[in-house]
Amino acid sequence: MSRVLNIKVFRFHPEKDQRPYYDTFQVVEREFMSVLEALLEIQHEQDGSLAFRYACRGAVCGSCAMSVNGLVGLADRVQTRNLKANILVEPLSHLPVVKDLIVDMTFFWQHFQEIKPWLIPAETAPERERLMNPADTEKIESFASCILCGSCYTACPVTKRDRDFLGPALLAKIYRFLADPRDSRDAAFLAKLNSEQGVWGCDTIFNCVKVCPKQIRPTDAIVAARKLVVGRFFKLFGANRKREKAE
Ligand code: FES
């Protein structure tokens, strides 16, 4: 027999509401129902004003990141059959709420633009594609598959206390390019990364690893990026010393 789910949802419309509140909706559970499907059913059949983001419904776009029973993740990935009948759905924490389950991720996207998450090659483009060897590809493959859902960003205690900290997703994205032999980030970029807002800000408590819906390990990328940054600074320092001696 189908269960009736009691879905308690965070509600807040800053333009109209003085403070946040919760609404509870009853939904009859279907086979293989995700939390996102339950929310869509509420929106279509009970309350069209309920606001949340989604697009692909297949754990690809990262839009439906939210908190379910206190755990951050993708609502389209969380199956109701794995939960008790009382389900609590809330927006990602420590980001301003735009409406209900929609948060303002401006900080995240501003930092995203700052890090220039694309290949910056040393030479001009060859006639054919720039190939990588399989061993180098393997090093960065998992970090390249980050969907930027922001789950790790909001699970991270450092992003909560320091808005300038780039956060786990973006540091993993940076490592993806630092470890790419075709990329040539300059010294100014490395200097920015070599800071508390960059690779040294991480508390290394692995919250990001726990919540990533794509099983990526951003902390590993941060630790590897620290080694790369230090290594490249020593190289630069050594080259400068050599040049000074020769002059
Ligand atoms: S809707 Fe695209 S990841 Fe959930």
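Visitor: Where is glutamine 215 placed?

Guide: Glutamine 215 lies in the loop between α8 (207–211) and α9 (218–246). Helices (H or I, at least four residues) and strands (E, at least two) are DSSP runs, numbered from the N terminus. This is a predicted model, in which local features need pLDDT of at least 70 and side-chain atom pairs count only at pLDDT 80 or more, while totals for chains, interfaces and linings use all residues. Residues are numbered from 1 along each chain as its sequence is written.

Visitor: Why does glutamine 215 count as exposed?

Guide: A residue is buried if 20 or more other C-beta atoms, placed from the backbone, lie within 10 Å of its own, exposed if 12 or fewer, and partly exposed in between. Glutamine 215 has 8 C-beta neighbours inside 10 Å, and therefore counts as exposed. Its phi is near 55°, a positive value in a residue other than glycine.

Visitor: Why does leucine 148 count as partly exposed?

Guide: Leucine 148 has 19 C-beta neighbours inside 10 Å, so it counts as partly exposed. Leucine 148 belongs to the loop between α3 (134–144) and α4 (151–155), and has a positive phi of about 55° although it is not a glycine.

Visitor: What makes a set of residues a nonpolar core?

Guide: The set must consist of buried Ala, Val, Leu, Ile, Met, Phe, Trp, Tyr and Cys residues joined through C-beta atoms within 7 Å. The largest such core here has 56 residues, and Ile7, Leu171 and Ala225 are among those with the most contacts inside it. Helix α6 (residues 168–178) supplies the largest share of this core, eight residues.

Visitor: With which residues is alanine 225 in contact, leaving aside its neighbours within four places in sequence?

Guide: Two residues are in contact if their C-beta atoms, placed from the backbone, lie within 7 Å. On that basis, alanine 225 is in contact with Leu171, Ile174, Tyr175, Leu178 and Val199, its neighbours within four places in sequence being left aside.

Visitor: Into which domains is the protein chain divided?

Guide: The chain is divided into domain 1 (4–103) and domain 2 (106–246), with bounds that come from an automatic or database domain assignment. Their C-alpha centres lie 32 Å apart. The contact takes 13 residues from domain 1 and ten residues from domain 2. On the side of domain 1 that touches domain 2, strand β4 (residues 71–74) gives the most, with three residues.
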